Structure formats: structure tokens, C-alpha cells
Amino acid sequence: MALLAYSIRRILMLIPVLVGMSIIVFSIIRAIPGDPALTILGEKATPQAIADIREALGLNNPWYIQYFDYMKDILSGNLGESLQTNAPISDEILPYLAATTELTIVSMLIAVFIGVNAGILSAWKQNSWFDYCAMLIALVGVSMPIFWLGLMEQWVFAQELKWLPSVGRDDSRNPVEAITHFYILDTMIAGQWDQLWEVIKHLILPGIALGTIPMAIIARITRSSMLEVMRADYVRTARAKGLTQFWVVYKHALKNAMIPVLTVIGLQTGLLLGGAVLTETIFGWPGVGRYIVTAIGNRDYPVIQSGILVIATIFVLINLLVDLLYAYIDPRIKYR
Amino acid sequence: MKKRVLSATMTSLVALAMLIAGCSSTSTTQAPAEQPKTETPAPATEPAKTGPKQLIVGRGADTKGLDPITQTDGETFKVTENIMDTLIGFADGSTELAPSLAEKWEVTPDGLVYTLKLRSGVKFHDGTDFNAEAVKYNFERWSDKSHPQHSPEGFEYYISQFGGYKGDANHVIKSVEAVDPTTVKFTLTRPLAPFLANLAMSPFAIGSPEALKKDVKKFNEHPIGTGPFKFVEWKRNDTITLEKNPDYWSPGYPKLDKLVFKVIPENTARLTALASGEIDLMDGLNTDDIPAVKDNKDLQLFLRPTNNIGYIGFNVEKKPLDNPKVREAIAYAINKPEIVTAFFDGVGEPAVNPMPKTMWGHNNDIKDREFNLDKAKQLLAEAGHPNGFKIKFWAMPVPRPYMPEGVKIAEAIQQDLKKIGVDAEIVTMEWATYLEKTRLGEQEMFMLGWTGDNGDPDNFLAVLLDKNSIGSNNYTRWANDEASQLMMKAQSTPDQAEREKLYKQVQEIIFKDVPMVPLAHSTPALAGKANIVDYNPHPKGSESLEKVDFK
């Protein structure tokens, strides 16, 4: 019951957060220099045409009217139309979101699988050579520029070794037919197993590039959290009962050590969703980060606005999910 | 640095090893599921790998829209030129006019009536006929603001090349008549010398009237023309796929079955994709990477004939740049040969005039100023600035074919300017903002460039330096009446020899008054697989790939 109450309270708290966010996004966009009407019309715009288009876009209204019009649309599920393509953003953004989400999930799987295990092993074998190596790698991983890492990966694994493809989501010579826009699902639905393998291969290099930083952070948090838990009384008791080290670590200690790790995983997932622009650029990944950056270059206000809002909403939702999971794992939290 | 490379490679290797371990288990778990399904998918994928001749073209950015008249962007035309034909074309790799949908044409001696004889039996991809009525329809759509398929946002290229829309004072096309199905007659209000060259420009490609009438918005997503390839699919920011038009009017073409344009924003990543065989052809090769392409026997280098100008401009409305002596002093302090050697890696040459040397009308008699700091100092002293001055120097934030490394070039110039007492502060900003602000005249000294559209000197000189282009592409805001009059006269003179004389005079005035220092003409580099044949990069920056084939 307490968990339910906590959940409701936590969900209600989203409303002011989302409203605040929409105001911030809305005003930042208006601060970008450059008149969108001029940008749409290009270099040879006539004053009359500029006036017409400003009127059509509602740019002549006071900002708060523009904001309320915008919110009205958003609440009725209308994200607006792209100025560049004239297509509804809610339709247009889907393939991009799917592409980024697929990449983010793979990156996080890589990051969590390697990061958590490396962290556990480091804690388990504290001060061993493995510990030192893993933490050194984690340190390098955190500070490695994605740009450089991505290009190195491509050079080594695509160009020199020819093991993996360097760019894109699928083989352009044998493209995937989009159904849900999640290519792993799409190829499975179509029963195209060789294409599925292609899609997986295309995910590996960008997945590693994007997953490296979270992997390193997760490894370090897991290690320190594990070390703390391992010193706890109940772990000593478990050992005293004669359980094997493996059992103690993975069964007893891990669950409690996971709480801070979970927070980091949640935060990092949100960051990756919005901040994958560099990875998407290097790997020619048609994701939502590049969608928004291209829109910024084109002064496509509605796309920038709605795109950021969508990303921010997902970020907030992931945080919510983490908090709820948190409360579920550690019952003390909901009473705070 | 070495340590970092080592540890990074180690990280990647460790990560990969772990991943491969993870992956192999994925594939084994899928193995049983694969068995019952094999009958259906196998034949579908097999021929795709061996059968059709496919060319995958890698490029830096996506197309904005596929209705060419609504666009001004080169990435758009790279695609639309393969789908739609223009009335008049260009010869391979040159700006000489050639027959396309029109087989021949005649001009009356007064330069006012153009009669075009159209190819017969040509069909649009939707099966409807191409004829004089279709041409008329397209021109009406572009010129008449009240036409139902005219875009509310306007057609920029139409305004700039034909002087506005129907009813505007400067509009040059009085009427377009369909005399008979294969004859179309254009009557002009005044002679317009580049008229035929304009018709050859990519935005004026002829689309299917039926398709346009049905849904003009959809046309922008799914264009229908008479070109060598038909549109198949557009995955935004990723790929645009075209397939062979088996009924193309040019016998034996196209050679390819499928043509895919793939977006790979990063130049280095694009080259990697080419080297690893994921794509077959790419543009936007970094000049640094040219030696690597030359050394790789699986690849070949293509150079696009030059048709551009990269320049250092002066906003002549701002002090002290309003003084021609000051501008000339700076011109003496820019070491062009050095810059071209250092930053263009052998694919550019120093420029003297604001138009390419290969274009007719280029004034070869003008001798460029030599790099001479003493002369520069002397001129500054004469202009009343013996101790120099402070100035903001705007540097381009993005590489362009005509200016590969804006900021670095600016830094090189900054060093030399310091020696004559001019303290240049380098300013840079996001590209769209840069263009916007330079258009509004907020800059002092700046760098920019231009790539030609139609092989006519008018398209360089008038666009960049006519006083009527202030507020659009005349970023120097140089308003010289004499030069403007000469350019206007040249535009309406039908005789090319006469025009040539006028443009040479214009170049002399420009050289003397120095609104800009033309820096370099580059030959943009492209790379492709070694087995590609008959690919001829066109100077205008895009071309139809109908003749391209594999050895």
C-alpha cells in the first residue's frame, strides 16, 4: 500500500517537472539567433513572403500565446509539423526514436553486463592485478573521447580486420524492410535470420562506442558499492555459514550493492538516449540525436522543440522507473 | 599519446572478446528457430547479393526534399537529377549545353523567342506522356503564384533566375506555348543571355503533371520524372533508394539496376566505409586522405572540375574597410600560394578573380598582387593607419569544398596580418547563424565561397558582387554602379563575345576596388571503388549517374 502511495506521489511530481521543462525548451529555442521565416524562405526572400510566413507560423503573437497554443497542441497529442518536410513530427520522429532506442538498449546491455561483472570481480579480488587493470581501463574509458574511439573501432574492426560493418543500421545492398522500425524485431517478424545477423553486427561497434563511458562508470560504482556491502555483518554471517565465495557475492551481496548501480544505469540510459549525437554522426546512425541537430541547423523550430521535449520526457520517465524499482528493492525508501 | 592508443586498443579488444562470447550464444540459440523457416526467406535474399548491379553512394547529409524546384541544396539535386530530366542538359564533365528532353533549339536574333524541339515518345515514370503541355504545366506552376500547385513558400531559384513571378516587373518569361506536342515556344520580355543555361539547372527539371496535380506534397517525398532511375524508398537521414527505369529514352542507359544514396556524416567514417566495401562511391573526401586513396589499389580518386571560389570578403560598409587602400593592403598581406599549398593538398589553385579560371569570360590579363608585407604596410600608412588597427575576422565553422579548413586558414592569415600591425580576432559560430549574420552585414572581414550552378559568369559575378544582390549573396555589400551596370548589360546581351568583353571589364573594376580577395578555386575530391567506370563528376556539383558501370 505504501508503495502504491509513493508511486502516485512520485508520478504526480512529474507534472511540474514536465511543465517547467517545456517552458525552458520553448524559451531556449526563441533565444537562438536567426529568423525561422527567413531560414525557410532562404536567401532570396521578399519582405512580403517573410511577413506571410511569420503570420502563418504564429510568430507575430506574444510569446505566452505561442506557448499556450503549443501546449494545447502537445496535450492533444499533436507535436506539430516539421517546417522542412511539412510532415507531422509525431510520425516523423518514430523511426529516429526506434533507431536510437535500439542502439541505447544494446549499449546499456554491453555496459551493464561488462561493467557490473568487472566491478564485482574487482571487489572480489580487491587489490589483485585484475582489479588494477579493470579500474585502469575504467578510468581510461570514462575519459575517452567517443569521437576518437569510434573512428579507431572503425579503422581496426571494419577497415583492417573487416570483421564488422562500420556504418549504418543495415546492409544497404540488402536493406531491412521497416515494420516497427526496431530492426531486430523487424527482421525477426519477417523471419530474415541472415538480416538479423547483419543488424546485430551493425549494432556492435556503435554499441561499444556509446557503451564505453557508462560501462566504466558502472564498473567503478559496482566495485565501491560491493566493497561496502562485503564488509557488512550479514555477509560475514553468510561466509561463516560456510557458503562459497561465489554464492556470497552473487546471491547475498549483489542485491544490496545494486541500489546505487541502478541509479547510475537509469541516469546513463537517459543520457545516452539524448546524447548519442556524436556516436550517431560517426556511425551514420539515423537516430533522434542527429534528427534534432539537423533541425537546429535548419531552424526547424517545431522539430527542435518537440524533439527535445520527447527526449526529456523519456529521460524523466526512466528516472521515475528507477525510483520505483529502487523503492521496490529497498523498502526503507518509500517512507522518506 | 602512444600509451593512450595502446590502452584504447586493449579496451576495444577486451570488450570485443567479451562481446563475441555473448554473440555466439545468441546465434546458437537462434539456430533451431531457423530450420522451419528456411524455405521462405532464402530465395528472397539470395539474388540480392549476386544479381542486380547496385551502386551505393556515400555522402555527408540527407536531401531536404525531392521536389527540386522547392530546393536550393546540392544534396537534393544529387538525387533528383537521377529521377528527373531538364529540358537542356550539360555535356559530361563540362558546362557546355547539350540536348536532353529538348533535342534542339532555336533563338530569334533579337534574343526574345526560344523554340525548343522536344524528344518524342518519352514517358514519365507513372506512364503518362511527356510533351509540350507537360513543359507548359511545369512553367505555369513555377511562375504563377495563383497556380494550385505553386508553393506558398515560393521557388527561390525561379525568382533568382527569371526575375520574379508572373506579374512582377522584372519577370522575364512572357509566355510558354505548346505549339504542338513536341514543340514548345518561350517568349521573353527582354533578352536574357543565360536563359538556356538556366533551363539546364537542376531545379528546373520537368515533373509529371499528373503526379503533381494528384498530391503536390507527396511529390516532394516521391518525385516522378522521366529520368534514368525511378524513386523507390526514402529512409530519412539514412538512405534513398532508386531503381532502373527500363524505359529510359537514352538507349542502353542506365547501366545500373539500383542506386542507393547513403548518409554518412563524418568524412573519415565515410572513407572507412568505402575501404571496407560498404559503399562504392563517396564525395567529400578530406584533402588529407587523398594520398591514402591513391595508395589503395582497390580505390580510385576522382577530381571534380573546379567551379567554385573561396574568398576573403570585406564588409565595405564598416570602418576601416570602407577604404579601398586598407582592403588592398590586406590583399597584399594574404599569402595565397602558401595557403593553397598548405590547406588544399594539391587540389586547389590560387584565385585571381571571383570566378573559375575554366569559365569563359575569365580575365586572364589581370596580374595578381604578390604577397608583399612592405607594400601592405605602406598602403596602410597611406590610408592613415600606420600602426594598424584591430579587426574581427569571421572564420567558417564548417568545411566546404571551396574552403576545407576555415579556422586554420584564418589563423594563417592572422599571423601575417599581425606583421603589418593588423590585429585580427578570429570569430566563429554555428554555420546557419554565420550565414544569417553575414547576410545581414554584421561581419567585418570574413570568409565564404560559392559553387556555380549553370556555367555562366553571371552566376558568379552578379550573384556575389552586384549591388542588387546585397541582402542575398553579396555579403561584401559592395555597391559599385559602374560594375552593376556592366553586369546588367551583359545579362541582356545575346552575343557571347560581347558579354565576354563586359565581364572582363567588371573583373578589372573588382580587382581594383578589392571588395574581396579571391583566395582559391578547388577541385573537390571524391573516391570510389577501382572497378567503377564512366563516372564523370560534373563541375556544378552533382550529376546523373546513368552511365556509371562496374568493370
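The model is predicted. Chain A is assigned two domains, domain 1 (1-76) and domain 2 (94-298). Chain B is assigned domain 1 (85-208), domain 2 (232-305 + 525-550) and domain 3 (308-522).

**Chain A: domains and annotated spans**

- The C-alpha centres of domain 1 and domain 2 of chain A are 34 Å apart.
- UniProt, in an unreviewed entry, lists "transmembrane region" for residues 12-32, 93-117, 129-151, 203-221, 261-283 and 303-329 of chain A.
- One of these spans, residues 93-117 of chain A, is 100% helix and 0% strand. Its end C-alpha atoms lie 35 Å apart.
- Residues 129-151 of chain A are 91% helix and 0% strand. Here the end C-alpha atoms lie 30 Å apart.

**Chain A: helix H1**

- Which residues of helix H1 (residues 2-12) of chain A are buried? They are Tyr6(A), Ser7(A) and Arg10(A).
- Viewed down the axis of H1(A), the buried residues fall within an arc of 100°, so they line one face of the helix.
- An α-helix has 3.6 residues a turn, so residues three or four places apart point the same way.
- What do the buried residues of H1(A) pack against? Their partners are helix H2 (14-31) and helix H15 (301-329) of chain A.

**Chain B: the six-stranded sheet**

- Chain B holds an open sheet of 6 strands with mixed pairing. The strand order is S14-S18-S13-S17-S15-S16.
- Strand S14 (348-350) and strand S16 (423-427) of chain B stand at the edges. Each has a single partner strand, so one side of each lacks a neighbour in the sheet.
- Neighbouring strands of this sheet are turned by 25° against each other on average, direction ignored.
- Strands of a sheet pair through backbone hydrogen bonds, either parallel or antiparallel.

**Chain B: strand S18 and its partners**

- S14(B) and strand S18 (residues 516-522) of chain B run antiparallel, joined by 3 bridges.
- Gly348(B) stands opposite Ser522(B) in S18(B). Glu349(B) has His521(B) as its bridge partner in S18(B).
- S13(B) also pairs with S18(B) in the antiparallel sense, over 4 bridges. In this part of the sheet, Tyr311(B) stands opposite Pro518(B) in S18(B).
- Is S18(B) mostly covered or uncovered? S18(B) is mostly covered, with 7 of its 7 residues buried.

**Chain B: helices on the sheet**

- Helix H14 (residues 406-419) of chain B packs on the sheet. H14 touches strand S13 (308-314), strand S15 (390-394), S16, strand S17 (445-451) and S18 of chain B.
- The direction of H14(B) makes about 170° with that of S16(B).
- Helix H15 (residues 431-440) of chain B packs on the sheet too, touching S15 and S17 of chain B. The direction of this helix makes about 100° with that of S17(B).

**Chain B: domains and annotation**

- The C-alpha centres of domain 1 and domain 3 of chain B lie 33 Å apart.
- How many residues of these domains are in contact? In domain 1 of chain B there are 14, facing 11 residues of domain 3 of chain B.
- UniProt, in an unreviewed entry, places "domain: Solute-binding protein family" at residues 96-469 of chain B.
- That span of chain B is 29% helix and 22% strand, and its end C-alpha atoms lie 26 Å apart.

Terms used. Residues are numbered from 1 along each chain as its sequence is written. Chains are lettered from A and ligands numbered from 1 in the order in which they are written. This is a predicted model: local features need pLDDT of at least 70, side-chain atom pairs count only at pLDDT 80 or more; totals for chains, interfaces and linings use all residues. Side-chain values use heavy atoms; hydrogens and water are left out. Domain bounds come from an automatic or database domain assignment. Buried means under 20% relative accessible area, exposed over 50%, partly exposed in between (1.4 Å probe, protein chains only). Helices (H or I, at least four residues) and strands (E, at least two) are DSSP runs, numbered from the N terminus. The arc is that of the directions from the helix axis to the C-beta atoms. Contact means heavy atoms within 4.5 Å. Two strands pair if DSSP finds at least two bridges between them. Axes are lines fitted to C-alpha atoms, for helices over the stretch in contact, and angles run from 0 to 180 degrees between N-to-C directions. UniProt positions are given in the numbering used here, feature names are shortened, and annotations may be inferred rather than shown by experiment.
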